[in-house]
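Here are my notes on the model you sent over.

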Amino acid sequence: MQNTTPRTAGRLRIGIDVGGTFTDFVMADTQTGKVTLYKEPSTPDDPSRALIAGLEKFLQREDMSPADVGGLMHGTTIGLNAIIQRKGARIGLVVTKGFRDILEIARCRMPSSFDLHADKEVPLVPRSHVIEIDARFDDDGKLTRNPGAEELDRVAKALAALDIDAAALMLVNGYTDPQAEGRIADALSDQLPDLSISSAALIWPEIREYERALVACLNAYIQPLMGSYFTRLTAGLERIGVDAPLLVTASNGGSLSVTSAVDRPVETILSGPASGVMAAVRQASQSGMQDIITFDMGGTSSDMAVATDGTAGMATRTDIGGLPLALPVVDVNAIGAGGGSIIWADAQGVLKVGPQSAGAHPGPVSYGRGGTEPAVTDCYIACGFINPASFGGGSMPLDGPAAGAALESVANRIGMRGSDTAARIAEGALSVASAGMAGSLFRTMAERGLDPRNFVLLPFGGAGPTHANLLAEEIGIERILVPQAAGAYCAMGAAGADLRRDFVRSLRVELTEDSAAAAETAFETLQKDGNAWLDAELPDISERRAERSADMRYAGQAYELRVEIEAKANLATYAEAFHVEHERIYGFRDSAAMIEIGTIRLAMIGAGQPLSTSAPSVTGDPTQDSRDIYVNGAWREAAVYNRAGLAVGAKLEGPAIVEQPETTTVILPGWGARVDPHGNLIIERTPA
Amino acid sequence: MTRLDPVLLEILGNKFASVTEEMCLTLQRTGRTLYVKETADFACALAGADGRFFAYPRSIGVSGFVGLECLPSIEAVIALQGALEPGDVILTNDPYRSTGLATHLPDLHMIEPYFHNGEIIAYGWCFVHCSDVGGRVASSISPLNTEIFQEGLRIPPVKLIRKGQMSNEVRLFLDANSRTPEANMGDINAMLASLATGRKRVAQMLGQHDPQELSSAQGALMDYAAGKAEAVLRSIPEGKYSFSDYLDDDAASRLPVRVAVTIEIADGKIHLDFTGTDPQVATAMNIPSCGRPHAWLTLRMLALVLTLDPSAPLNAGLLRPLSINAPLGSLVNPEEPAATGVRHAAAIRVNDILNGAFALALPDVMPAAASGTVIPIVVSEPNATGGRTVQVVEPLIGGTGARKGHDGVDGRDSGISNLANNPVETVEAELGVEVLHYGLRPDSGGAGEWRGGCGMELSFRILTEGSNVLARGMERLLFRPWGQSGGQPGKPGSLVINEGHPREHRLGKIDVLEVSAGDVVTFRTPGAGGWGNPFERAPEAVLADIEAGFVTPECARRDYGLVLCNGVFDAEATAALREAASPKSATVFGPERDAWDSIFAPGLMDQLNAGLLALPLSRRQSQRREILETVLADLPSSFPRSPANDTQRKTAIHRLETWLSSL
């Protein structure tokens with residue numbers, strides 16, 4: 001089919017993020033630089049339905065055909081939800097004899113020291129489904145207990161007797177020889193052709209038996225679900241005629257092919273938040289900002305992440321529904337209240353925000369879905385920050401008077417009297433929420449030795465742009481960047497994602513001429529694995545690179561530092577890289593001390609096409625209206641702007657409100673804003 | 001004025017607490033020793049003019065020290081070295097000279113005054129358990145120390161930093177009295193960095209809020225916490241509740257050590273009276289409370305308040321409704337120069353008796369006894385460079401007690417410290433040991449309608465000739481973690497070398513044990529107590545425990561009256577067995593404690609300790625030993641593991657009573 005305007009097939013890249021309430025779509029036209037958004041109500045029973053239906057409608061709305069789609073990038077929380085709700089597959093775990101309780105004991109810690117009623121997390125595999133095998137390695141990689149045919153037979157029979165969908169295998173010291181552990185897994189599989197048995201060492205050969213076993217268990221736990229989901233999804237795409245490659249976003253901020261994602265779904269668990277952060281990093285870099293704090297405020301909570309020098313911070317220990325995940329993930333930290341967090345007063349009459357949340361159901365009082373306790377969103381209404389009539393682009397009008405009445409009853413409970421109590425208590429509650437978020441944010445920065453006041457705040461999520469200025473004021477941040485697509489940012493991140501996979505190997509050797517050479521050989525093997533993986537994912541990928549690092553320490557130290565290692569390193573370069581990092585963090589180097597290399601890490605990255613957003617063409621008059629907002633204990637008149645009508649270079653003076661269908665941006669008195677060449681809204685403190 | 005706007009109070013409470021956590025994170029980031037990096041044996045807080053903590057971290061560092069007091073140390077310094085000035089930092093580690101701020105010598109405590117316009121607006125405080133402060137043994141702690149002088153350098157409260165400059169004199173003494181002076185200085189620098197973080201962040205708050213507001217918030221936050229604690233106390237039935245328990249021994253003799261408390265709750269107030277507790281011991285288990293409502297004596301009360309009202313802010317106000325009587329010269333208020341290095345072993349038992357006493361008032365809220373032991377199992381082996389490698393294999397703990405409606409937690413216990421374990425693979429990479437079994441101990445959890453948490457088992461083979469095994473803090477090998485409301489006690493702990501082999505050797509507590517290559521060492525920690533009559537446990541719950549392997553079929557039959565027939569649940573036989581069982585005669589304490597109490601009854605022990613405390617300090621220990629040994633002489637040598645017969649009991653009680661009348 002020929003259209004009147006010339007088109008290039010495959011010019012569109014579409015990012016999709018499946019959330020609990022909405023499935024967000026971002027369409028980036030690589031020809032024009034135009035970015036458009038679309039939201040479709042999610043279908044939690046089968047998320048692929050909303051995805052296919054939404055994609056079809058979106059293409060129609062934008063007058064594009066399925067053939068225009070050149071790439072689909074997709075993040076999903078199916079795996080995460082299954083883990084948190086413990087609704088994954090029935091799985092078994094095979095472990096070295098003597099370690100049946102590995103999941104029960106975990107790392108021995110209780111979630112709270114003070115709560116006499118605290119309980120531990122529910123193990124992913126019940127103890128009755130953990131089977132011991134007489135097999136293990138020593139720490140030098142020697143298979144000191146080699147299971148014979150009889151033992152393998154016994155274990156296979158025990159597995160067969162369990163009613164399970166998948167199984168994992170973890171042998172003590174298996175990280176020293178992943179291939180050998182893999183062969184034992186294969187030997188078991190040979191007897192059980194219908195059961196997939198994943199070797200922990202093959203998936204993630206890092207020292208620490210509990211964490212490694214958990215990686216394998218998590219993988220097995222969500223594999224059947226994810227597999228059938230992607231089968232349905234690819235069938236659906238085929239049905240509507242989209243044959244572009246489908247990539248799945250990963251927790252490390254990159255993406256994987258569907259084949260990889262079905263093999264190793266554990267790598268995709270935290271992809272949603274990671275994509276949002278990656279989008280933020282790219283967007284800010286484009287505008288020349290390298291050090292940013294992202295602020296993602298949604299319905300139930302708000303999250304932050306930090307990027308320095310244009311690189312998002314990574315973590316190798318994250319909490320997933322009470323379980324630690326050892327894979328490298330973009331380091332996202334929960335910092336407090338979301339739009340649904342409940343405002344209440346305790347028995348002593350002190351005002352509290354959260355931790356309970358009204359969520360999306362029943363939601364804040366103003367949603368009119370049966371919520372009776374006021375939430376943070378109700379405070380935005382009471383203060384005039386958001387217009388109840390135009391919430392969600394007018395698709396979901398809110399009940400402002402009900403929000404006010406609910407807030408007044410809390411005001412009453414803390415003994416607040418006089419006029420404007422709803423607005424006053426709302427402002428107080430927003431200050432409590434901001435102080436709580438700022439506290440968590442300061443702690444996260446203190447952990448890294450960073451001063452947040454040198455950073456740019458980059459808000460996204462439905463409430464991020466609404467609350468960002470309040471938070472910036474509380475922290476002492478001077479500049480805020482509100483991207484155009486703030487309301488569908490995880491989808492935006494997906495659209496621009498690189499391909500990326502992490503590889504590790506635990507060496508645990510003293511650093512010598514020989515071991516440095518051995519580490520290089522190990523790096524080369526990882527690099528080879530990485531290249532082979534990239535070739536299989538997308539053979540024609542133009543730009544590829546490997547990022548190498550090693551966990552190192554002085555012999556006898558109780559902790560390791562992660563050090564970047566350049567290519568073709570030798571003894572001297574390893575040592576110097578470590579000394580320099582140690583000096584940077586602890587202020588001294590010990591040139592005489594022996595250095596040890598623990599785990600080496602390699603991230604293989606295939607760069608996606610840079611997604612340069614251009615400023616949107618202006619539609620309509622920017623100034624819609626004005627309304628009073630309640631700030632610093634008084635009502636102030638604020639101009640209300642339509643974001644779509646703001647041209648590049650437009651300048652606004654606070655107090656002001658900028659509205660767009662997915663979110664509302666608040667600019668406080670004493671602050672001003674301008675639209676930068678990429679269409680971002682840059683909010684800065686007005687010089688006094 | 002302490003009444004503050006309820007919005008501002010919440011905001012400032014959050015901010016101050018956040019500052020203390022930032023201080024901790026700075027300390028953890030810049031610290032370098034094991035205690036800082038791995039076990040998080042440190043804390044930071046903010047104190048007001050009264051030297052009490054008005055803000056304390058909730059999620060990082062040692063949780064129990066919220067009740068410590070800085071003022072005596074501050075006053076001691078001012079008296080000798082003059083007023084505090086900006087840039088001064090106080091250092092101390094001496095429990096006696098700091099009036100209980102420090103609780104054993106390896107804990108270095110620092111206090112820095114934070115100034116605003118020439119006035120002190122708050123104090124920053126932090127402490128770190130440092131690697132070594134000299135003394136008789138490496139790492140400075142041994143249960144066998146008899147005086148604090150053997151435990152290392154005593155640092156009375158002193159200005160380490162004067163107007164920003166470190167005192168060379170103090171530093172010279174510090175360096176000369178440690179086996180690890182550089183590591184200590186690294187910790188000191190990390191502490192100074194954390195105090196500087198606190199100073200900067202308090203200054204930042206001063207830029208955002210009125211100084212007067214910040215000062216009155218300190219009092220208001222304490223009032224707020226006190227109000228929360230009082231509200232919780234009012235929800236507890238008023239009355240007097242007494243409870244006692246024993247440490248198996250004092251590490252130097254076979255004589256058990258008694259801790260006792262009477263709690264009185266009335267009108268939103270609580271009084272803890274430790275009368276009846278044994279005189280201080282000649283080993284290092286004494287708790288230097290200086291007679292104050294010390295952190296180690298009040299932790300369980302804080303936990304109770306925070307369990308019943310998790311929204312309560314963590315600060316010293318929580319302790320305001322509390323008063324205390326800890327008799328001078330007793331285990332819980334020793335006289336100088338008693339050694340205090342391993343006071344945590346006694347503190348765990350103090351936690352237990354407070355738990356037990358509270359349970360008399362709140363049987364449906366409080367759990368049964370937790371396993372009550374934390375054993376850092378250490379292996380020391382010769383290394384290639386001619387020295388020795390010393391490394392913790394695992395800090396071995398047990399489980400938590402059951403409570404109404406909930407089984408205890410298996411293999412975890414946050415009671416007094418919430419340490420993470422070591423991955424077996426890192427242990428094997430660093431030591432010549434092969435871990436054969438690291439798991440839960442079936443049948444160890446006390447039976448009950450709700451089952452106590454299982455203890456743990458760690459079994460490892462020694463691969464290097466000339467190795468030693470160290471295991472401080474072994475406890476509950478004799479007296480079991482008690483059950484509650486009819487629940488049974490957990491199984492006691494044990495230590496066996498080469499179990500099941502001709503060279504099998506069963507041991508009690510050890511200090512340093514020499515082992516050979518090839519030896520297999522097996523530690524078992526106690527299970528925790530159960531709650532309620534085990535014969536009323538739902539059969540499905542027992543069956544689930546059997547399926548999971550936490551309970552064996554034999555134990556299910558004996559302790560729960562549950563019958564399996566060819567591996568299948570037999571409802572009829574179970575009902576019959578449960579019906580036929582006479583009401584349980586066993587108490588919740590277990591046979592050893594019952595045997596002990598049959599002679600050393602609580603009333604007699606109260607009398608004995610009153611009499612001993614009336615003697616001069618130098619006489620108490622020897623007199624106690626003489627009395628107990630002569631009474632025990634009439635009893636079986638394995639008493640109280642094997643009970644006394646009637647004749648023996650009568651003779652022994654008679655002897656004890658004779659002694660008591662002569663005291």
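How far apart do the C-alpha centres of domain 1 of chain A and domain 3 of chain A lie? They lie 35 Å apart, in what is, to be clear from the start, a predicted model.

1. **Domains of chain A.** The assignment for chain A gives domain 1 (12-82 + 227-268), domain 2 (85-222), domain 3 (500-606) and domain 4 (623-685). Despite the 35 Å between the centres of domains 1 and 3 of chain A, 9 residues of domain 1 are in contact with 6 residues of domain 3. On the domain 1 side, strand β10 (residues 255-257) of chain A gives the most, with 3 residues. By class, that side of domain 1 of chain A has 3 nonpolar, 6 polar and no charged residues.

2. **Chain A as a whole.** Chain A has 16 helices and 33 strands. Its radius of gyration is 27 Å, close to the 26 Å that the globule rule gives for 688 residues, so chain A is as compact as a globular protein of that length. Along the principal axes, the C-alpha atoms of chain A fill a box of roughly 80 × 70 × 55 Å. Buried residues account for 54% of the 688 residues in chain A. Of the contacts in chain A with a separation of 6 or more, 66% are between residues 24 or more positions apart.

3. **Chain B as a whole.** In chain B, 57% of the 663 residues are buried. Among contacts between residues at least 6 apart in the sequence of chain B, 74% join residues at least 24 apart.

4. **Domains of chain B.** Chain B is divided into domain 1 (6-227), domain 2 (370-533) and domain 3 (591-662). Taken over C-alpha atoms, 44 Å separate the centres of domain 1 and domain 3 of chain B.

5. **The contact between the chains.** How many residues does each chain put into the contact? Chain A gives 52 residues and chain B gives 58 residues. On the chain B side, α1 (6-30), α2 (34-37), α6 (211-234), α7 (295-308), α9 (424-430), β14 (433-440) and α10 (539-548) each supply at least two residues. The largest share of that side, 14 residues, comes from α1(B). Sorted by class, the side of chain B that touches chain A has 26 nonpolar, 18 polar and 14 charged residues.

6. **Helix α10 of chain B.** This helix is worth a look from its buried side too. The buried residues of α10(B) are Val542(B), Asp545(B) and Ile546(B). Seen down the axis of α10(B), they fall within an arc of 100 degrees, so they line one face of the helix. An α-helix has 3.6 residues a turn, so residues three or four places apart point the same way. The buried residues of α10(B) pack against α11 (553-560) of chain B. Just after α10(B) comes Gly549(B), with a positive phi of about 90 degrees.

7. **Helix α3 of chain B.** In α3 (residues 71-81) of chain B, the buried residues are Ser73(B), Ile74(B) and Val77(B). They cover an arc of only 100 degrees around the axis, which puts them on the same side of α3(B). Among the elements covering them are β3 (89-92), β4 (107-116) and β6 (158-162) of chain B. Gly82(B) follows α3(B), and its phi is positive, near 90 degrees.

8. **Nonpolar cores.** Which residues touch the most other members of the largest nonpolar core? Of its 389 residues, they are Val26(A), Ala168(A), Ala213(A), Cys217(A), Leu407(A), Leu457(A) and Cys126(B). Leaving aside neighbours within four places in sequence, Ala213(A) is in contact with Leu93(A), Val95(A), Ile102(A), Leu103(A), Ala168(A), Met170(A) and Ala200(A). Another core, of 12 residues, lies apart from the largest one, and its members include Met605(B), Leu608(B), Ala644(B) and Ala652(B).

Technical notes:
Residues numbered from 1 in each chain as written. Chains lettered and ligands numbered in written order. Predicted model: local features only at pLDDT ≥ 70, side-chain atom pairs only at ≥ 80, totals over all residues. Contact = placed C-beta atoms within 7 Å. Helix = DSSP H or I, 4+ residues; strand = E, 2+ residues; numbered from the N terminus. Nonpolar A, V, L, I, M, F, W, Y, C, P; charged D, E, K, R; others polar. Rg over C-alpha atoms; globule rule 2.2 N^0.38 Å. Buried ≥ 20, exposed ≤ 12 C-beta atoms within 10 Å, placed from the backbone. Domains from an automatic or database assignment. Arc of directions from axis to C-beta. Core = buried A, V, L, I, M, F, W, Y, C linked by C-beta atoms within 7 Å.
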